Amino acid sequence: MANKVKWVTDIEKSVLINNFEKRGWTQVTESEDWNFYWMSVQTIRNVFSVDTGYRLSDEQMVNHFPNHYELTRKDLMIKNIKRYRKDMEKEGSPLAEKDENGKYLYLDFVPVTFMLPADYNLFVEEFRKSPSSTWIMKPCGKAQGKGIFLINKLSQIKKWSRDSRTSTFVAASSGKEAYVISLYIDNPLLIGGKKFDLRLYVLVTTYRPLKCYMYKLGFCRFCTVKYTPSTSELDNMFVHLTNVAIQRHGDDYNHVHGGKWTVSNLRLYLESTRGKEVTSRLFDQIHWIMVQSLKAVAPVMNNDKHCFECYGYDIIIDDKLKPWLIEVNASPSLTSSTANDRILKYNLINDTLNIVTPNGDIPDCRWNRSPPREALGNYQGENRPGRVQQDAAFRNIQIEICYASLTCRIRNQVGSNHGISICNI
């Protein structure tokens, strides 16, 4: 008993508990001594609260960084990416290069986005440049598609959130929730006429130096209704939102496959319809985007040695095969909507635990967090001499990219000097 990991969780999901039990770990309560706590984001706030004054020992590990929200809260993610771009410009980085219209050539991977109410006037100015465009409104602190809606007229946003007696937004003290408003990707890549997005997983074990591992077993989430850009369908969330929490209420939802495709199936489809080279380039771009988003928050992230994070990335691909980062989730769903879902998420947790608690031993936050290759499972990571190329633009940041089935290559369009430290198998 003394040498067994003592675990706690406040997320009662079988894919978690089964993994802990498989390792022979011992369940305890949060009021007892514990080594490993898989927490909700609400609990992590309490653990690291200055009011709580809780100090973690070297033999304790948790699954969130204290301020994970710098990446996983919609408004803060955009804020940090915008700051990152500006920092790259000041440094004269080639990554910050722009075209003749002032558009980033390489860092243009999030839709044009504004925070409301703070950026309302800037949004109006941008909206009037293209008054026929569609925008998507999202509450900053909610998930599973809650509170999301689309607009294509200024009157719609005025009706939603403006004080009719003034020209300014209602103050935050009124209880009105902060939102982000983003240019809607109205030309998504369609399969079978339906819109979909990608859910991919990234494990971060440390931000300084930045070390991340990418998972191969992601999936696509499809809408149940065929896509149309018609403005008459803006209110039909079964057309526009891929969230399973939304789609499972649709009449056409299939409970067998859950409206999901594996990433490997998507890759096979794209290779057969667009070619292998184009498909490889697309996935290279996706992985590169993920790393840039992590670099964007690394300077502000509280790199607590007791923490790791398994992020759920949501990516949309447009019909030109350009990937867009939509959002990042700190607690990607561990609910199993299908049998394949359960297997994927069980393996995800299993492989994650093999990296952050090697050999199932009691955690020791003083270790260098470089697991052996055989412990990686469906993650990819290898640091063989001569296989890692340092990025000249980011030589002070060490990065390991780990992705199990796809060769991570930064193509000529970004340039070999713009790359990242890549660990290929």
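Two strands pair if DSSP finds at least two bridges between them. With that in hand, here are close-ups of a predicted model.

View 1. Strand β14 covers residues 309–317, and six bridges join β14 to β15 in an antiparallel arrangement.

**View 2. Strand β15 and the facing residues Ile-316 and Trp-324**. Strand β15 spans residues 323–329, and six of its seven residues are buried, so the strand is largely enclosed by the rest of the structure.

**View 3. Helix α10 along its length.** Helix α10 takes in residues 276–297, 22 residues in total. From the first C-alpha to the last, α10 reaches 32 Å, close to the 32 Å expected at 1.5 Å a residue. The helix is mostly covered, with 18 of its 22 residues buried.

View 4. Zooming in on Thr-279, you can follow its side chain to the backbone oxygen of Gly-275, at 2.8 Å. Leaving out residues up to four places away in sequence, Thr-279 touches Arg-267, Leu-270 and Glu-271. Is Thr-279 buried or exposed? Its relative accessible area is 0%, and buried means under 20%, so Thr-279 is buried.

Definitions and conventions. Residues are numbered from 1 along each chain as its sequence is written. This is a predicted model: local features need pLDDT of at least 70, side-chain atom pairs count only at pLDDT 80 or more; totals for chains, interfaces and linings use all residues. Side-chain values use heavy atoms; hydrogens and water are left out. Helices (H or I, at least four residues) and strands (E, at least two) are DSSP runs, numbered from the N terminus. The expected span of a helix is 1.5 Å times one less than its number of residues. Buried means under 20% relative accessible area, exposed over 50%, partly exposed in between (1.4 Å probe, protein chains only). A polar contact is a pair of N or O atoms within 3.5 Å; within protein, one must be able to donate a hydrogen and the other to accept it, and residues adjacent in sequence count only if both atoms are side-chain atoms. Contact means heavy atoms within 4.5 Å.
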